[in-house]
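Take a moment with the sequence and the model below. Then follow this short tour through the fold.

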Amino acid sequence: MDLLTPQAIAQHLGATTRPWKLQVVEETDSTNTRLKQAAKAGAGQDIVLVADHQTAGRGRLGRSFLSPAGSGIYMSLLLRPALPMARCTDLTVAAAVCVARALGKLCGLQADIKWVNDLYVGGKKLCGILTEGTLGQKDMADFVVVGIGLNVGRLDCGGDAELAAIVTSLEEELGRTVDRSELIAAILWEFDHYYADMEQNHPAMLEEYRRRMFLTGKEVTLSTDPAKRPHLVLGVDENAGLLVRTPDGGTLTLQSGEVSIRTV
Ligand code: BTN
């Protein structure tokens, strides 16, 4: 088993532009929930909380995120960016690209992005990102928590064949395990460099997000459309909204929700 400690992460990380405070716990309910609570209680910024195991890992749209011990990366970043709340999606875009870049550099793996913030390899989900924020003064964010959940070891789907068909892990893709501390450091290194100057770095991030976003040009159905009519994905706008052509020939920009690739 790999060594998941702040020291091991720091050793791989080396020098950063920000003074990240690394915390590793064996078990918690959800690293996002913990950091949100800490932020509300007045904690400072640049905290990275990593758990070996989450008892109540959360995903988008109220879903749970399977977080077994010893086999995944469950990490959250507490940020206090000087950003209007509306721009906080930039952090989600960046987090997805940073994870993809780290996977490319460390594991030689090509990860694609499924809007909004899932990472896929070979058509299966490897990583999910949950960004949560709170409004502060005027329209500015008070804090943002970016949570990253990545399957490292082979997943035990508990006999759930449907789940097994749609999720994957690094071990399944690479045929070997990956040192979690090293990968956490690689992700954080990418994010640190982006976050040092978001304004300057964001256009390149958005470009890379668009390149990796594999839904463009595909027909999808929308979770909000009970009729499951086909919508053509046209691309991603500068606010990370998904541009789609509707069945009646109009265009629509989705800011949230979920889309599925049409199979019939
Ligand atoms: C999704 O797949 O919809 C997003 C999953 C996000 C999971 C991560 S694991 C670390 C952090 N803590 C949580 O409870 N959720 C995020």
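The paragraphs below cover the ligand, a threonine beside it, the aromatic rings and some backbone features.

Keep in mind that this is a predicted model. Begin at the ligand. In the side chain of Ser30, an N or O atom lies 2.7 Å from an oxygen atom of the ligand. For Lys125, an N or O atom of the side chain is 2.5 Å from a ligand oxygen. Thr31 faces a nitrogen instead: an N or O atom of the Thr31 side chain is 3.1 Å from a nitrogen atom of the ligand. How much of the ligand does the protein cover? On its own, the ligand has 410 Å² of accessible area, and the protein covers 97% of that.

Stay with Thr31. This residue sits in helix H2, which spans residues 31–40. Is Thr31 buried or exposed? Its relative accessibility is 2%, and the cut-off for buried is under 20%, so Thr31 counts as buried. The side chain of Thr31 also makes a polar contact of 2.7 Å with the side chain of Ser76. Leaving aside residues up to four places away in sequence, Thr31 touches Leu49, Val50, Ala51, Gln54, Tyr74, Met75 and Ser76.

Tyr74 leads on to the aromatic rings. Across the whole structure, a search finds six aromatic pairs. One of them joins Phe65 and Tyr74. Phe65 and Tyr74 are both buried. Elsewhere, ring pairs link Trp20, Phe191, Tyr194 and Tyr195 into a cluster.

Now turn to the backbone. Most peptide bonds are trans, and most residues other than glycine have a negative phi. The peptide bond between Trp115 and Val116 is cis, with omega about 10 degrees. Val116 belongs to the loop between strand E4 (112–114) and strand E5 (118–121).

Lys228 has a positive phi, near 55 degrees. Its loop runs between strand E8 (219–222) and strand E9 (231–236). Lys228 counts as partly exposed because its relative accessibility is 41%.

Ala240 has a positive phi too, of about 65 degrees. This residue lies in the loop between E9 and strand E10 (242–245). With a relative accessible area of 6%, Ala240 is buried.

Conventions: Residues are numbered from 1 along each chain as its sequence is written. This is a predicted model: local features need pLDDT of at least 70, side-chain atom pairs count only at pLDDT 80 or more; totals for chains, interfaces and linings use all residues. Side-chain values use heavy atoms; hydrogens and water are left out. Rings of Phe, Tyr and Trp (its six-membered ring) pair if their centres lie within 6.5 Å; planes under 30 degrees apart count as stacked, over 60 as edge-to-face and the rest as tilted. Buried means under 20% relative accessible area, exposed over 50%, partly exposed in between (1.4 Å probe, protein chains only). Helices (H or I, at least four residues) and strands (E, at least two) are DSSP runs, numbered from the N terminus. A polar contact is a pair of N or O atoms within 3.5 Å; within protein, one must be able to donate a hydrogen and the other to accept it, and residues adjacent in sequence count only if both atoms are side-chain atoms. Contact means heavy atoms within 4.5 Å. Accessible areas come from the Shrake-Rupley method with a 1.4 Å probe; for residues, only the protein chains shown count as cover.
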